[in-house]
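Please open the model in a viewer and keep the selection tool at hand.

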Amino acid sequence: MATTASIHAHAAPQGFIRKYIFSLDHKVIGLQYYFLALTAVFVGMFLSLLMRIHLIWPQVSLPLVGEIKPETYLSLLTMHGTIMVFFVLTTAPQGGFGNYFLPIQVGAPDMAFPVLNMLSFWTTFIAFVTIIAAFFVTGGAPLHGWTGYAPLSALPNSGPGEQLGADLWVASIALFCIASLMGALNFITTTLDLRAKGMTLMRMPLTCWSWFITAILGLLAFGVLLSAGILLLLDRNLGTSFYVPLVVVNGQVMGHKGGSPLLWQHLFWFFGHPEVYIAILPGMGVTSQVISTFSRKPIFGYKAMAYALMAIGLLGFMVWGHHMFMSGMSPYSAFAFSIMTMAIGVPSAIKTFNWLGTLWGGRIRLQTPMLFAIGFVSLFVSGGLSGPFLAQPVLDIPLHDTYFVVGHFHLIMGVAAIFGIFAATYYWFPKMFGRMMNERLGQIHFFITLAGTYAIFMPMHYLGLAGQTRRYSQFTEVAYQTKLIPLQTFMTYAAFVTIGVQLVFLFNLFWSMFKGPKASDNPWEATTLEWTTATPPPHDNFGGRTPVVYHGPYEYGVPGAARDYIMQTDPATVPSH
Amino acid sequence: MSDVAVQHGVAAAGVYEPSLFGTYSKKIGMWLFLLSDSLTFGALLFAYSYGRISTPNWPTPFHSESIRNATLMTAFLLTSSLTMVLAVRAAVFGNAKAQRWWLLATMACGTAFVILHGREWSKLIAEGLTLPMFPAVPGHEAAAEYKNVAETVPQFPATFFGLTGMHMLHVTLGVIYLGIIALRKKFIPVLLGLWLVAWLATPDYSPFHYGAHVLLISAVVAAIVLWLRPKVYDSADVEVAGLYWHFVDLVWMFIFPLVYLMSTRIIRS
Amino acid sequence: MNDATQLALEQGVAEQHRHHGKAQFFWVWGALLVMTGMEVYLGYQNMEPVRMLSMLMGLSLLKAGLIIAYFMHMKFEISRMKWLTMSSLLVCLSLMCIFFPDAFRILSLGAR
């Protein structure tokens, strides 16, 4: 029995390896995750650039990949999706910022299980290396898409990339599941057990709520993907037929029978839909935090925001079938899934209106984090509004295999989550590195990125309605598709500009890390616990003491207070909300 | 698995908010892991049920010999749960010697389970209930009956080996986990010895010939963890290990009826 | 002696208290063995598969309940932990039943 509270049992580590490589400090691990995601995002972006170039100049031979054949295009698409979804959208907001700031924001000296945290990062790292290795093996990277649909993914001879590359892909996903599982149980335990005195659940910043709910989703979802992946490995390597019915490949009858590709889709999307929320929820949390801080107003409807997060988490488990309307799923289940999917619009709308309500009448400071938070809301609404269309089987069936879906999920899950990451980066950079980022470069980055993402992804909706199919590498053969190429050309030019301006961000990040002006402990005049400690925070976060919390997280503009904000640790007697 | 720097018992109530689950972090962490793991097993069992529903004429080939063996395995596993709970009890009362002996008894029961199960696998494979990629067993004529099952309903051996294999892996890891708790670094040479025996004593057509490397990998991981965090395991660690062990037992309570008892060979009217 | 030590001692005593009844573990073990025996007996009865399945699963759930409550001490945890962990698990597992309509459909669609 844990009889003593041996708080913070691990001393500050000595030596390079224990300090920066196998560090047990959640802050170092958070940064490791962040830089892993940064590497991954540039790999993923490069792959998307290759695809966009190929779509408008099909004959051009490209650097590193040479001539792009249709199957090469599918490999690019698969690897872009997998790397972006797993190693960027899941890794950066949760593994990176969550790891760094969850313990500080709840007032804990570290995560509940530091060794597990370290193992979680290194497992993720091995998973990343494994998936990158898929590029370099015989046959190259897999072509089954990030969803890995069977039987394409389950048969080793179904395509050039489906040999060793696909095995590495499955192995990488399985490793990533294990890593996320270790991370998730760490997050949940830390939130349940290590909140400082006074930090009740309803005083937690909404960022903590979102990391907490995300961790619960990850805990319950990744286990299912793990078993799906194990069965896929068995199908591929031991000749079982979980996902493969009697099939004929290139006129050859395969030795499989009796399986069902629908089983894979069910198991995958049972994980896959919660995964969408795993990517977006931390962005919602950061947006709430930033909008409240830079509007100098308490967040509108704090409790509604927390309950909406829970509702989204719960409903997120009940809607996976809306990815499968095209699959031949039972129409009765499709009906149920459609209803639940519509229902999820309610908590999402609550969140949106509460963000707008927070902005309303605030004394808004339009600094870069705030810009990106507002950008998040904008993208979330634009991407979300096409959701109800796709939630209905009748509309989804004609739209599903077109660019409409690509535009929808890139806006709401891809770029919106990325904007959340940017907002978090600009907001917490001073705390992480002790320096400020350049404001002017930040604004340039924001405006061009916002315009660029809309220029790339909005036309996709029109392309989809016009019937342009997704996953095709060329559109030169069919007349009605050829007529849409000018719009594709426009999108590719927009992609050049948007990707170019990310280099400005990269420059700003590294330049400010070393040359930026020194940051004070609380440059944004924010109220949560991370701004009460030194910059950057000491090894045990609060320099040997454990903070005591007296207030809710968003006490801005309280009447009768000395300043326009009250820190959570401020024992002042102003009545708390 | 169970390693904490920041322990928070009820005793730390003065510094932190009381734990939402009213217990210490390690136990919460293990319960959360078990939730996730039960969904992993749950998904496998649902995949099995899915295959079984969608296959007309699911075979029911298990002879009474197999059922007797599986019942004996179940009894071993249930008994190991009893010894485990007695080990936890000894740990709570501070009786280190009793704790170690009960843990060793638990490991013995677990090992017996794995060995019985492994023998059954080998027998079934030799008789023709096998997966397409398992090498043929030389000098052994496959029984027509099992061979027929494997050919007409490939889902049957696939789900059998998939489910019980995953469970066997969990039992094996559980025995290793308990061994580390009971004997700490003294267990690593034992583990390496077991690995050598398991690897060299099995013929190269047996799946266990390769499966034995799980022991080697575990030995390496255990050595790293013990090097990073050398410590004496207290009663909380024993209790948390016990949770894992009971969970493995619990999963078998579902696999046994679903996989074996629903496929017994009886004459149905 | 400060508060923390006092609390720790009380907690230790409470911990020993709930492990006190050694006999109950033997009773639970016996009940589990008996139920296993019943399951094996049921496995040899001549009845419809669905009926047999529901009886076997009923017994298995009972066994799982006993293991969770007594061997895993869930009976002695606070109610919030009991409800939150068990309900989230049950919700997720029940949701997977949505797979089954598709499994039944395969039979009628004629795809083998």
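Predicted model: local features only at pLDDT ≥ 70, side-chain atom pairs only at ≥ 80, totals over all residues.

Begin with the place where two chains meet through a pair of helices: select B:W31, B:L35, B:S38, B:L39 and B:G42 in α1(B), which meet C:T85, C:S88, C:L89, C:C92 and C:L93 in α4(C). Contact here requires that the C-beta atoms of two residues, placed from the backbone, lie within 7 Å. By class, the residues of this contact comprise 6 nonpolar, 4 polar and no charged. In this classification Ala, Val, Leu, Ile, Met, Phe, Trp, Tyr, Cys and Pro are nonpolar, Asp, Glu, Lys and Arg are charged, and the others, Gly among them, are polar.

Residues are numbered from 1 along each chain as its sequence is written, and chains are lettered from A and ligands numbered from 1 in the order in which they are written.

Now extend the selection to the whole of both helices, residues 25-53 of chain B and residues 79-95 of chain C; they pack at an angle of about 15°, with their axes 10 Å apart. α1(B) is therefore roughly parallel to α4(C). Angles under 35 degrees count as roughly parallel, over 145 as roughly antiparallel, 65 to 115 as roughly perpendicular and the rest as oblique. The axes are lines fitted to C-alpha atoms, for helices over the stretch in contact, and angles run from 0 to 180 degrees between N-to-C directions. The crossing of α1(B) and α4(C) is right-handed; a crossing has this hand if the near helix is turned clockwise from the far one by less than a right angle, and is left-handed if anticlockwise.

Chain B has 9 helices and 0 strands, where helices (H or I, at least four residues) and strands (E, at least two) are DSSP runs, numbered from the N terminus. Its C-alpha atoms fill a box of roughly 70 × 40 × 30 Å along the principal axes. Of the 269 residues in chain B, 54% are buried, that is, with 20 or more other C-beta atoms within 10 Å of their own.

The contact takes 55 residues from chain A and 46 residues from chain B. On the chain A side, α6(A) gives the most, with 13 residues. That side has 33 nonpolar, 17 polar and 5 charged residues.

Within chain A, 57% of the 577 residues count as buried.

The last stop lies inside chain A: select α8 (residues 302-316) and α10 (residues 345-359), which pack at an angle of about 150°, with their axes 9 Å apart. The angle makes α8(A) roughly antiparallel to α10(A). α8(A) passes α10(A) in a left-handed crossing. To see the contact, show A:A304, A:M305, A:A308, A:A311 and A:I312 of α8(A) together with A:P347, A:S348, A:I350, A:K351 and A:N354 of α10(A). These residues divide into 7 nonpolar, 2 polar and 1 charged.

How values were computed:
Buried ≥ 20, exposed ≤ 12 C-beta atoms within 10 Å, placed from the backbone.
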